[in-house]
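Visitor: I am new to this structure and would like a close look at a single part of it. Please take me through that part slowly.

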Amino acid sequence: DRLVEYFGDTKLSDFNNASLRAASADILRDGESASPATKKRTVRTPLQAILEFGAIQGWCDRPAFAAISVQTSVTRFLLPEQATDLVEHAAPHLQPLFIFLIGTGCRLSEALDLQWKDVDLYGCRAVVWQKQGRQRHIDLPPGVVKWLYRIADTEGYVFRPAIKTRRGITFGERYHDTGRQYGGQIKNGWSGACSRAGLPGRIREWVPKGAKKAKTVFVPEFTPHDLRHTWASWHYCVHKDLLRLKSDGDWSNINTVTIYAKLMPPVYREDIIRWWGTGPAIVPEGENP
């Protein structure tokens, strides 16, 4: 929407590298000083897709933008003890979600779209759906099944947002549906859990527009997607099978999964098996030890 608002009725044939720089300066919060990854994701990639479509229709030439070099990001993953700390310090309604992600390797979008009608707790199997309408079956480890049984409402969506009201906590029908275009549905809950668990991060401070008092927020180094990296690292540590990891994790090529082959030291194998088998060694809120 921001691109459409900025470019208006500009002809596709008039786009060039200068258009990218001008759009970045106007649209992005940090303007020209934004990171290369942000410029590539927010401006260059969608514009290139538009121009590629236009070229197919004969409206313009194929785009020839200069490459944007993006530094390779570090693949982050949690050790079993860190995973337990994260779950223990998460809000009660987020604990089953985090355990599900660590135990299955599902993408957050797949988990938030999961409905009870696609879950077979007795058979330890669930069906998740891709954006393209393609389904895939995932196995549920015993520790995941145990925590899913603790969810009281078994109608509709499995993982639902907690909403504070004057009468206490109620639950929404589902997390906001973004069409899988962006995330952020559990941003605050994730940040709080990481902070309380002592995971690394930084404090961001700024003064909101129109306000006089500065606001601070903890920005964790880990992201919810790193739980998928965690599962993949654990998977290879336990099974030592890249082809199985590629299949179970639904990656398109074997090269993508090779990065997980050397991440998790083998000494953690038994801890991982125990974690997936029984779940994290914590007592859920409201239950006796």
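Visitor: Which residues in the largest nonpolar core touch the most other members?

Guide: This is a predicted model, in which local features need pLDDT of at least 70 and side-chain atom pairs count only at pLDDT 80 or more, while totals for chains, interfaces and linings use all residues. Residues are numbered from 1 along each chain as its sequence is written, and side-chain values use heavy atoms, with hydrogens and water left out.

Of the 57 residues in the largest nonpolar core, those that touch the most other members are L86, L97, F98, F100, L140, L148 and F159. A nonpolar core here is a set of buried Ala, Val, Leu, Ile, Met, Phe, Trp, Tyr and Cys residues joined through side-chain atoms within 4.5 Å, where buried means under 20% relative accessible area (1.4 Å probe, protein chains only). Two or more residues each are given to this core by α4 (80-88), α5 (95-104), α6 (108-112), β2, α7 (142-148), α8 (187-196), α9 and α12 (269-278), these helices (H or I, at least four residues) and strands (E, at least two) being DSSP runs numbered from the N terminus. The largest share, 7 residues, comes from α9.

L140, leaving aside its neighbours within four places in sequence, is in contact with F100, T104, V119, L121, C124, R125, A126, V145 and L148, contact meaning heavy atoms within 4.5 Å. Apart from this core there is a second, separate one of 13 residues, which includes L3, L28, A34 and C60.

Strand β2 (residues 125-129) also pairs with β3 in the antiparallel sense over 5 bridges, given that two strands pair if DSSP finds at least two bridges between them; W129 has Q135 in β3 as its bridge partner.

Note on methods:
Buried < 20%, exposed > 50% of the residue type's maximum accessible area, 1.4 Å probe, protein only.
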